[in-house]
Amino acid sequence: MPNLAEQLLESASAVSALGATGAEIAALGDASITAGMALVSDHRRNLQAYEVLLSAEIAKRSSHEFGNAGLARSNGSATPAVFIQSIMGNSIDEATKLARLGELVAVADRDSAGTDESTAQTDLSADGPGSPDDVDSTDPTKATRPLAT
């Protein structure tokens with residue numbers, strides 16, 4: 001099974017193969033238009049999986065235990081949701097959903113690792129708590145369902 005990065009690249013390639021302009025899209029047949037929408041939906045799910053993984057990492061790195069050194073606060077945001085909103089430009093409701101989902105994933109990851117909040121290690125290295133390498137992007141089942149809107 002391809003990992004999440006491979007799935008994202010494959011879905012992006014499939015969508016871009018539909019055409020690069022409105023005229024190219026307009027020239028597609030009905031079956032291609034229908035299939036194209038399914039391809040876009042698949043690509044959106046892959047992007048949303050990344051949103052969840054990144055939101056989980058933002059939530060972890062913005063934990064209250066880090067105080068002002070946490071990721072959100074060190075970037076001038078009071079909460080992970082406000083930080084996500086500032087990056088993505090989406091509504092605070094959508095950013096809050098992502099932040100909460102990210103917090104749930106972070107708790108689930110911590111619980112599955114056999115740790116709890118009191119024993120979780122704190123790493124305030126130059127890259128902040130944890131690192132991008134800590135995210136297991138080989139398990140696309142962690143967050144492949146579309147986010148509720």
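**View 1. Surroundings of A72.** A72 touches S62, S77, T79, P80 and F83, leaving aside residues up to four places away in sequence; a contact means heavy atoms within 4.5 Å. The model is predicted: local features need pLDDT of at least 70, side-chain atom pairs count only at pLDDT 80 or more, and totals for chains, interfaces and linings use all residues. Residues are numbered from 1 along each chain as its sequence is written, and side-chain values use heavy atoms, with hydrogens and water left out.

**View 2. The largest nonpolar core.** A72 also belongs to the largest nonpolar core, whose 8 residues are I58, A72, A81, F83, I84, A95, L98 and A99. Such a core is a set of buried Ala, Val, Leu, Ile, Met, Phe, Trp, Tyr and Cys residues joined through side-chain atoms within 4.5 Å. Buried means under 20% relative accessible area, exposed over 50%, and partly exposed in between (1.4 Å probe, protein chains only). Helices α5 and α6 each supply at least two residues of this core. Helices (H or I, at least four residues) are DSSP runs, numbered from the N terminus.

**View 3. Helix α6 and its two faces.** Helix α6 covers residues 92-112 and spans 30 Å from its first C-alpha to its last, close to the 30 Å expected at 1.5 Å a residue; the expected span is 1.5 Å times one less than the number of residues. In α6, the buried residues are A95, L98, A99, G102, V105 and A106. They lie on the same side of α6 because they cover an arc of only 125 degrees around the axis, taken from the directions from the helix axis to the C-beta atoms. Their cover includes α3 (30-61) and α5 (80-88). The face turned away from the buried side carries the exposed residues D93, R100, L104 and S112. Just after α6, G114 has a positive phi of about 80 degrees.

**View 4. Salt bridges within helices.** A salt bridge is a side-chain nitrogen of Lys or Arg within 4 Å of a carboxyl oxygen of Asp or Glu, and 5 are counted by this rule. In α3, R45 and D42 are 3 residues apart and pair with their closest N and O atoms 3.7 Å apart. E57 and R61 meet at 2.9 Å, N to O, and both are buried. E94 and K97 meet at 3.5 Å; they are 3 residues apart in α6, so about one helical turn separates them.

**View 5. A salt-bridge network.** E57, K60, R61 and D109 are linked in a network of salt bridges.
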